[in-house]
Amino acid sequence: MRVIPTRFAGALAAFFAMVSTPLVAQDEDGGWSLAIHGGAGTIARENMTPEQDAAYRAALQRALDAGAAVLRDGGSAMEAIQAAIEPMEDDALFNAGRGAVLTWDGDIELDASIMDGRTRDAGAVAGVTGIRHPIELARLVMTDSLHVMLAGKGAETFAEERGLERMPREWFETERRKEALERMKAERLSALDVDIKFGTVGAVARDSKGNLAAGTSTGGMTGKRWGRVGDAPVIGAGTYADNRACAVSATGWGEFFIRVGVAQEICTRIRLVRQQAAFASGGAQHAEWLAGQDYVQRITDAVLAEVEELGGDGGVIVVTPLEDPVFGLNTSGMYRGRATSGGVNEVAIYADE
């Protein structure tokens with residue numbers, strides 16, 4: 001057995017104690033923050049009318065206001081992300097709930113997931129139909145079952161037993177989505193050709209107690225077949241939250257986000273950077289040093305660069321225990337917004353905003 005020299009033993013013990021201890025930092029003033037997204041992709045100014053631009057910004061602001069109101073009143077991060085996502089699930093501008101894209105067979109199959117950064121409890125649903133708010137169902141999977149993910153008919157039975165609101169097929173369908181599917185079939189296009197943007201919606205939040213949460217909801221990709229499931233309901237790919245690091249919600253080409261494990265990869269890198277800085281400084285000084293390093297943005301961009309290297313694109317929203325929310329995207333636009341207790345309140349669409 002190899003013996004570790006005494007001069008290294010103390011340092012190693014301190015290091016392993018540091019990396020095994022949660023580094024949960026809270027704003028001294030009990031500050032909160034929130035970020036939302038409504039899809040990322042080929043979103044160019046020249047393709048948007050002033051009316052469309054204004055409609056999207058108004059829809060984003062409504063969702064942002066709903067989540068911020070919960071946090072402002074002392075509500076939890078979990079409550080806030082559900083409050084922010086549900087208005088977007090009801091808005092036909094987005095690809096989640098009402099207005100979701102159609103499958104190859106003309107159906108609508110919805111996916112969603114949610115995660116509590118305090119406990120790392122999570123819930124997800126895949127391929128459900130008729131459920132007005134899939135994000136609510138995902139949360140009930142987390143709180144009212146022993147499971148993390150339910151799919152298809154089983155998830156719908158669970159929803160019925162819990163009394164969740166259902167809506168008729170015609171409530172979900174829109175002419176825009178029908179035309180997209182018809183064009184895809186007639187012209188033999190790919191989903192990417194008819195979906196110039198990914199309309200997945202999501203939210204991440206930090207509440208006044210320092211707890212984090214993340215949630216994502218989507219209708220998937222136009223013309224999807226064979227029960228295809230993307231990253232949105234996959235914990236660690238499209239959604240992840242951990243009080244020790246961050247909360248992330250993603251939107252984009254799901255197959256690539258699954259392969260990279262985008263959401264958890266971002267959180268893991270942030271957690272390790274914080275732990276390494278804490279170890280190097282002895283613990284107390286790391287937060288001040290990190291604040292000037294823009295490390296959250298740099299990590300986010302690096303992970304998205306890996307997605308791009310593999311051939312995928314999209315975007316993410318990230319909130320941490322201390323910093324203001326961060327956006328990352330490798331597309332020309334992402335519908336997004338953020339608000340904080342410090343007075344930030346903004347929505348944006350194009351990459352250069």
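Tutor: Start with one term. Two strands count as paired when DSSP finds at least two bridges between them. Keep in mind that this is a predicted model.

Student: In which sense do β9 and β10 pair, and over how many bridges?

Tutor: Strand β9, residues 246-252, pairs with β10 in the antiparallel sense, over 6 bridges. To find a spot on this pairing, look for S249, which stands opposite I317 in β10.

Student: Which way do β10 (residues 314-319) and β11 (residues 326-329) run, and how many bridges join them?

Tutor: They run antiparallel, and 4 bridges join them. Here V318 stands opposite V326 in β11. The two strands form a hairpin, with 6 residues between them.

Student: How do I read the two sides of a strand? Which residues of β10 point one way, and which the other?

Tutor: First the general idea. Side chains in a regular strand alternate between the two faces of the sheet. Now the case. G314, V316 and V318 point one way from β10, while G315, I317 and V319 point the other way.

Student: Are those β10 residues buried or exposed?

Tutor: All are buried. The strand is mostly covered, with 6 of its 6 residues buried.

Student: Now a helix. Which residues of α4 are buried?

Tutor: Again, the idea first. An α-helix has 3.6 residues a turn, so residues three or four places apart point the same way. In helix α4, residues 134-144, the buried ones are P134, I135, L137, A138, L140, V141 and M142.

Student: What do the buried residues of α4 pack against?

Tutor: They pack against both helices and strands. The helices are α3 (77-89) and α5 (152-161). The strands are β2 (110-116), β3 (122-128), β4 (149-151) and β7 (212-218).

Student: Can we look at one residue? Where is I114 found, and what is its relative accessible area?

Tutor: I114 is found in strand β2. Its relative accessible area is 0%, so I114 is buried. Among the residues it touches are I135, A138 and A214.

Student: How far apart are I114 and A214, in sequence and in space?

Tutor: They are 100 residues apart in sequence, yet 5.7 Å apart in space, C-alpha to C-alpha. For the protein, look at contacts between residues at least 6 apart in sequence: 71% of them join residues at least 24 apart.

Student: How do I read empty space? How many cavities of 30 Å³ or more are there?

Tutor: The idea is simple. A probe the size of a water molecule, rolled over the atoms, shows where empty space is left. A search of the whole structure finds 1 cavity of that size. About 100 Å³ of space lies in the largest cavity. Its lining has 15 residues, with T200, T218, G220, D231 and G252 nearest the centre. By class, the lining has 4 nonpolar, 8 polar and 3 charged residues.

Student: What is the volume of the second largest pocket, and which residues line it?

Tutor: Its volume is about 160 Å³. The lining residues include G106, D107, T129, R166, F172 and E173. The lining divides into 4 nonpolar, 3 polar and 4 charged residues.

Student: Last, the overall picture. How many helices and strands are there?

Tutor: The protein has 12 helices and 13 strands. Of its 353 residues, 54% are buried.

Student: Where does pLDDT stay under 50?

Tutor: Over residues 6-28. The average pLDDT is 88, and 86% of the residues score at least 70.

Key
Residues are numbered from 1 along each chain as its sequence is written. This is a predicted model: local features need pLDDT of at least 70, side-chain atom pairs count only at pLDDT 80 or more; totals for chains, interfaces and linings use all residues. Side-chain values use heavy atoms; hydrogens and water are left out. pLDDT is the predictor's confidence in each residue, from 0 to 100. Contact means heavy atoms within 4.5 Å. On a 1 Å grid over the protein atoms alone, a cavity is a set of points where a 1.4 Å probe fits but cannot get out, and a pocket is an open set with protein on both sides within 12 Å along at least five of seven lines; lining residues have an atom within 4 Å of a point. Grid points are joined across faces, edges and corners, and a volume is the space filled by probe spheres set on the points. Ala, Val, Leu, Ile, Met, Phe, Trp, Tyr, Cys and Pro count as nonpolar, Asp, Glu, Lys and Arg as charged, and the others, Gly among them, as polar. Buried means under 20% relative accessible area, exposed over 50%, partly exposed in between (1.4 Å probe, protein chains only).
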